Amino acid sequence: MGQRNYLVDGVSCAGKTTVATELERRGHHVVHGDRVLAYQGDPVTGSPLPGHRHEHHVWDVDRVRAIVADDGVPATWFCGGSRNHARFGDLFDEVFVLELDRATLLERLDQRPADEYGASPEQRDVVLRAYATRADLPDGTPVDATRPVEEVVDDLLRRAGQAQAK
């Protein structure tokens with residue numbers, strides 16, 4: 001829904017939702033991908049699948065395309081992760097990948113509420129495997145996500161050439 005469209009991705013606990021919330025607080029147009037676009041599906045075909053598996057966490061590609069095609073606002077920030085990012089990554093003006101060190105990731109996993117992904121021992125193992133392999137991440141501009149969220153968002157906006165929401 002923007003004249004320019006940005007994707008903010010990263011492993012679980014990197015801060016995607018926190019960044020989205022701060023961007024919204026500042027008046028920017030944000031799509032919470034994990035809340036609005038995500039479902040359980042085949043990463044290649046998009047066909048819905050039962051259950052809840054990390055590797056089946058995908059975004060609705062048609063919805064991503066429709067939002068990107070609507071240029072009613074200056075910029076839209078898509079924040080979240082999906083296993084099918086390769087099917088729509090080329091739609092974005094820039095892809096940012098939130099980066100953090102293992103110690104920070106472990107600290108954030110320890111603080112994860114029981115009802116959020118990454119809290120259970122099995123999910124934690126998946127997150128740590130994804131962190132180690134980077135297999136689930138798109139290619140993009142790395143952004144240090146160990147800093148306070150205000151600094152991370154300032155950095156993202158600077159890199160995107162946007163000081164203020166319009």
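In this predicted model, Val97 stands opposite Pro142 in strand 7; helices (H or I, at least four residues) and strands (E, at least two) are DSSP runs, numbered from the N terminus. The secondary structure of the chain comprises six helices and seven strands. Residues are numbered from 1 along each chain as its sequence is written, and side-chain values use heavy atoms, with hydrogens and water left out. Because the model is predicted, local features need pLDDT of at least 70 and side-chain atom pairs count only at pLDDT 80 or more, whereas totals for chains, interfaces and linings use all residues.

**Strand pairing**
- Two strands are said to pair if DSSP finds at least two bridges between them.
- Strand 6 (residues 94-99) runs parallel to strand 1 (residues 2-10), and five bridges join them.
- Within this pairing, Leu7 has Val95 of strand 6 as its bridge partner.
- Strand 6 is also joined to strand 7 (residues 141-144) by four bridges, and these two strands run parallel.

**Overall fold**
- Along the sequence, the order of elements is β-α-β-α-β-β-α-β-β-α-α-β-α.
- The radius of gyration, taken over C-alpha atoms, is 15 Å, close to the 15 Å that the globule rule gives for 166 residues, so the chain is as compact as a globular protein of that length.
- The globule rule is 2.2 Å times the number of residues to the power 0.38.
- Along the principal axes, the C-alpha atoms fill a box of roughly 45 × 35 × 25 Å.
- Of the contacts (heavy atoms within 4.5 Å) with a separation of 6 or more, 70% are between residues 24 or more positions apart.

**Nonpolar core**
- A nonpolar core is a set of buried Ala, Val, Leu, Ile, Met, Phe, Trp, Tyr and Cys residues joined through side-chain atoms within 4.5 Å.
- The largest such core has 41 residues, and Val19, Trp77 and Phe78 have the most contacts inside it.
- Helix 6 (residues 149-160) supplies the largest share of this core, six residues.
- Apart from neighbours within four places in sequence, Val19 is in contact with Val8, Leu98, Val149, Val152, Val153 and Leu156.

**Burial and Glu22**
- Buried residues (under 20% relative accessible area, against over 50% for exposed and in between for partly exposed; 1.4 Å probe, protein chains only) make up 45% of the 166 residues in the chain.
- Glu22 lies in helix 1 (residues 16-25) and is buried, with a relative accessible area of 7%.
- Neighbours within four places in sequence aside, Glu22 is in contact with Val149, Glu150 and Val153.
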